[in-house]
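Q: Could you take me through one part of this structure up close? I would like a connected account that I can follow with the model open beside me.

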Amino acid sequence: MALRPDLAIIADAVPPGARVLDVGCGDGELIAALRAKGVDARGLEIDPANVTAAIARGQSVVQGDANRDLADYPDDAFDYAILSQTLQTTERPDRVVDELLRIAPRAFVSFPNFAHWRVRLALLWNGRMPVTRLLPVAWYETPNIHHVTVSDFRDLVRAKGIRVERVWHLSGDRPTSDAAASWRAEHAIFLVSH
Amino acid sequence: MASLLHQIQHQSVTIAAPLALDSGQSLPATTIAYQSYGALNADKSNAVLICHALTGDQYVASDHPATGKPGWWARMVGPGKPIDTDRFHVICANVLGSCMGSSGPATPDVATGAPLGMAFPVITITDMVRAQALLLDHLGIARLHAVVGGSMGGMQALAWAATYPQRLGSALVIASAARHSAQNIAFHEVGRQAIMADPDWQDGQYYGSTRAPTKGLAVARMAAHITYLSEEGLTEKFGRRLQARDIKSFGFDADFQVESYLRHQGLAFTDRFDANAYLYITRAMDYFDLADPHDGRLAGAFARAKDVRFTLVSFDTDWLYPTSESRRIVQALQSVGAAASFVELSAPFGHDSFLLDVPALDRLVAGALGSGF
């Protein structure tokens, strides 16, 4: 099965030999791709069925909650921390970003852009919380408790003095230009550092 | 009867060199009884050591010589099983202090030839591991692909990583802990007192006599057995149902099914276990605290074990070694940068879940052993 496009971008950007923690690693899809290119990748995942699947694949994954359990890792334990499609589900995304950059000097953070034109249009015309391809769950049961836009995230990292090393914008699973990304990107991947 | 138990012949080796123990005492010679399954490969890199629990034995995947029952982990170990004997050379040794052929309280004194009884030195979990290392030296196996254990077996796997980190590739620790809690010690003390309060115990020198402390040992087993099950499991299995009667007897017979079950478990246990061995092994577990030699910092125990891959599994209904104890180990491992996996599985059987039908555990064990091989 082809790797999810945002994961493929991250897998491509991590150099072989790096030590990586994938926070919210699911059943280990990205870890498998990283290990295949010689990356020492480990995971943290909240769902025990996913953790079991990842360990059954021979991966090192710990059942835990990104809101609390990142504290158990020492400073700079990894070269990269990865948080893909999980930021918007955390209790305090700002603190999670701090933790990512405590346990690693660099972090990949990817999230669905809540300012994508479809989302804006749905809210504007229907007056209802949007249900889209990347945000498929109704407001009352969505795990996405902190919707975030590309501009919001840029504001957050600027306020924290965090450096943005690189950004990838995706639309319909394909890269889209940075111009008007706030409107046009369904999905953003940031590589940030201290 | 204990006397019959000690007449069984087991495959064993005797290492004539003295074995220094944590207590400061030493054993002049150490006998280790063991079973092995599957072929050792040419470069001796496929050995997996399975460590058994308190009342377990080396017959992990073969019929028990006293009871005739299948091996205690036959569902996990064998050709095509999660611990695949077509791939791995599996070794399981009877722990030091036990009663299935390894040195223990029934071992004869070299001078007098009489069983040592309570003159056998108190041993620790790490002493058990040292004895296993002697066995591997004898077998010419320098390094283990993995050490696997549940409950007290998990404690040995942890002690392996702490004591001989260069001798194992990975440690698989199931339903276990890095220390015995006050509650764990308390339950064990109930069991020991039941044995020692039995007049047939005779200060441990019952081996040559016609009497053995089977009543005390049975009570010890009954108390311990409760701790291996979940309240939910007991309720589901027995509830308040009466045993072979329609009305309460207003007496002290086993009115309830759960009483009858426990009495049976207690009695059956005395056919396959020695009371003194029970005292010694429970003591070893109570003394277990991997953080103790490191000023209470568990991470200190794993400082040299960074290159060992750890997999820890707990069960949500296990109140004997609860998930919090596994998490504590994971935190210590993460703080030293060791590769660790951990998951809490959902299973209804309490502590005993590690021995029973939990398909997710099978997948985990296979995965944890398969990688890097």
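Is the crossing of α5(B) and α7(B) right-handed or left-handed?

A: Happy to take you there. Please keep in mind that this is a predicted model. The crossing of α5(B) and α7(B) is right-handed. These two helices of chain B pack at an angle of about 125 degrees, and their axes lie 8 Å apart. Angles over 145 degrees would count as roughly antiparallel and 65 to 115 as roughly perpendicular, so α5(B) and α7(B) are oblique to each other.

To see the contact itself, look at the side chains on each helix. From α5(B), the residues that take part include B:Leu217, B:Ala218, B:Arg221, B:Met222 and B:His225. They meet a set in α7(B) that includes B:Leu262, B:Gln265, B:Gly266 and B:Phe269. B:Thr214 in α5(B) and B:Thr270 in α7(B) also belong to this meeting of helices.

Now turn to another partner of α5(B). The buried residues of α4(B) pack against α5(B), and against α8 (275-287) of chain B as well. Helix α4(B) covers residues 182-196, 15 residues in total. From first C-alpha to last it reaches 21 Å, close to the 21 Å expected at 1.5 Å a residue. Its buried residues are B:His188, B:Gly191, B:Ala194 and B:Ile195. They sit on the same side of α4(B), because they cover an arc of only 115 degrees around the axis. The face turned away from that buried side carries B:Ala182, B:Gln183 and B:Ala186, which are exposed.

B:Val122 is found between β8 (89-93) and α2 (125-139) of chain B. Leaving aside its neighbours within four places in sequence, B:Val122 is in contact with B:Ser23, B:Tyr280 and B:Arg283. B:Val122 and B:Tyr280 are 158 residues apart along the chain, yet their C-alpha atoms are separated by 6.4 Å. B:Val122 counts as partly exposed, because it has 16 C-beta neighbours inside 10 Å and a residue needs 20 or more to be buried.

Finally, step back to where chain B meets its partner. Here 22 residues of chain B are in contact with 16 residues of chain A. On the chain B side, the elements that give two or more residues are β11 (309-315), α10 (323-336), β12 (340-345) and α11 (359-370). The largest share, seven residues, comes from α11(B).

Conventions
Residues are numbered from 1 along each chain as its sequence is written. Chains are lettered from A and ligands numbered from 1 in the order in which they are written. This is a predicted model: local features need pLDDT of at least 70, side-chain atom pairs count only at pLDDT 80 or more; totals for chains, interfaces and linings use all residues. Helices (H or I, at least four residues) and strands (E, at least two) are DSSP runs, numbered from the N terminus. The expected span of a helix is 1.5 Å times one less than its number of residues. A residue is buried if 20 or more other C-beta atoms lie within 10 Å of its own, exposed if 12 or fewer, and partly exposed in between; C-beta atoms are placed from the backbone. The arc is that of the directions from the helix axis to the C-beta atoms. Two residues are in contact if their C-beta atoms, placed from the backbone, lie within 7 Å. Axes are lines fitted to C-alpha atoms, for helices over the stretch in contact, and angles run from 0 to 180 degrees between N-to-C directions. Angles under 35 degrees count as roughly parallel, over 145 as roughly antiparallel, 65 to 115 as roughly perpendicular and the rest as oblique. A crossing is left-handed if the near helix is turned anticlockwise from the far one by less than a right angle, and right-handed if clockwise.
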